[in-house]
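Subject: Structure handover

Hello,

Here is the structure I promised to pass on. Please open it first, then read the notes below.

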Amino acid sequence: MIKAQRGTKDILGDEIPTWQWILDNAKRIFQNACFQEIKTPIFEATELFARGVGDSTDIVNKEMYSFCVGGALKDSTSITLRPENTAGVVRAFIEHNLNRQSPPQKFWYFGPMFRYERPQAGRQRQFHQLGVEMFGIKEPSADAEVILSAVEFLKSIGLGDLEVELNSLGCNKCKNDYRNSIKEVLKPYLDELCDDCKMRYEKNPLRILDCKNEECQKIFELPEVKKVILADYICGDCREHFETLLEYLDELGIKYSRNKLLVRGLDYYNRTVFEIKSQNLGSQSAVCGGGRYDGLVEMLGGVPTPAIGFAMGVERLYTIVNKIEQNKTDYFVVSQNTKEALKLARKLREDNKTADFDMQGRKWVKQLEKASKVAKYAILLGEDEINQGFYSVKNLSTGEQVKINNLKELC
Ligand code: HAM
């Protein structure tokens, strides 16, 4: 029997409503923030990723699905199934002269990506990303706007308590100086580093900081090495940019932590980089990764244009949403009539449903807020319902509300 390829997955009927709900929320949140949808092809010239993502990255070196069309003919071209979508959106931005519209130019996208990785939980060879890319604004307000959109979207699908990890890589000059000091301090230990780090030492020293190998980690912990790794190396302008961003995030009440080792696995980043992680996901904990890439448009042949964006793995979002849903109570009775609420909770439990209610008969809005955090459905029991003998049942994922006359009609 022919089976699906390793690292790929069929998405079947019972999973579709949750997928659709995640996408509907993305569309609503991103469009409310004035991002326009963009759809780019799933394959592009290999050169786009080699130059854009960087030929020293794992993605380009080890993980691309590249093939030649035109066979052995002289004009055969190498094309690649997109491993990510920032390079493709930048290509489209340049090709269609989208810089002529007044900035910011804001785009969001959804679609499949392809990376030849070792499949494991949370890591597939074909997976889907939802993302945004914003062009034209160098000020930290753009960084705040993009992070805010990510956080608002995650909140909208019930993942409000994730923490944002942030770092600033600085501008090209800061990055170069840092690279050189990392190389210098690690030089005496070069033979002891793992093979990947030896390669990174030459091509992409910042990526060494991401290495999880225990022997390498021991070297990073040596006091003289640690001091260089954790040094505050960014210049005055980059520091001001970063600090202003942090002020905006404080103002917005977005929780974050600074992770000086956060460098990200793609070459195009400068200044702000960020990831959003979930404890629910085990080792592949990042649901979202992004950052600024002020040099990429120019590097791919466009006019210099600052830019920033992020992408999220939809399979990972789906896993968390599902886990949260499974742990939720079936029904939360929303009512200010405590006697009726108690009786209804008892009836539901007798029917083998999990049910809860507000024991303090608090305000309607407070009860609804609580219900949407802990339950799949709210049963609204107001005066009309009690007097006329019906129930209003609200699906707390979709917001859909129906009237029923008998509890047997509950699913
Ligand atoms: P990335 O960190 O490579 O960044 O991927 C973003 C997200 O895609 C990850 O946080 C993860 O949730 C998901 N992801 C990545 N690889 C896999 C995989 N093999 N299986 C399942 N999910 C995966 C980028 O792709 C950048 N283009 C993000 C960006 C946009 N930066 C600026 N703009």
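**Strands and sheets**

Val-333 stands opposite Phe-357 in β13. Before going on, some ground rules. This is a predicted model, where local features need pLDDT of at least 70, side-chain atom pairs count only at pLDDT 80 or more, and totals for chains, interfaces and linings use all residues. Residues are numbered from 1 along each chain as its sequence is written, and side-chain values use heavy atoms, with hydrogens and water left out.

β12 (residues 329-334) and β13 pair in the parallel sense over three bridges. Strands here are DSSP runs of E, at least two residues, numbered from the N terminus. Two of them pair if DSSP finds at least two bridges between them.

Both strands belong to an open sheet of five strands, in the order β13-β12-β14-β15-β16, with mixed pairing. β13 (355-357) and β16 (401-404) are the edges: each has a single partner strand, so one side of each is left without a neighbour in the sheet. From one strand to the next, the twist averages 25 degrees. That angle is taken between N-to-C directions, from 0 to 180 degrees, with axes as lines fitted to C-alpha atoms.

There is also an open sheet of eight strands. Its order is β1-β5-β6-β11-β10-β9-β7-β8, again with mixed pairing. Here β1 (36-37) and β8 (256-258) stand at the edges, each with a single partner strand, so one side of each lacks a neighbour in the sheet. Inside the order, β6 and β11 pair in the antiparallel sense over seven bridges. Phe-135 stands opposite Ala-307 in β11.

**Domains**

The assignment, automatic or from a database, gives domain 1 (16-171 + 234-320) and domain 2 (329-409). Their C-alpha centres lie 40 Å apart.

**The ligand**

Now the polar contacts (pairs of N or O atoms within 3.5 Å). A side-chain N or O atom of Gln-129 is 3.1 Å from a ligand oxygen. A polar backbone atom of Gly-309 is 3.5 Å from a ligand nitrogen. A backbone N or O atom of Gly-313 lies 3.0 Å from a ligand oxygen. The protein covers 95% of the 660 Å² of accessible area that the ligand has on its own, by the Shrake-Rupley method with a 1.4 Å probe.

Best wishes

Methods. Polar contact = N/O pair within 3.5 Å; in protein donor to acceptor, adjacent residues only side chain to side chain. Helix = DSSP H or I, 4+ residues; strand = E, 2+ residues; numbered from the N terminus.
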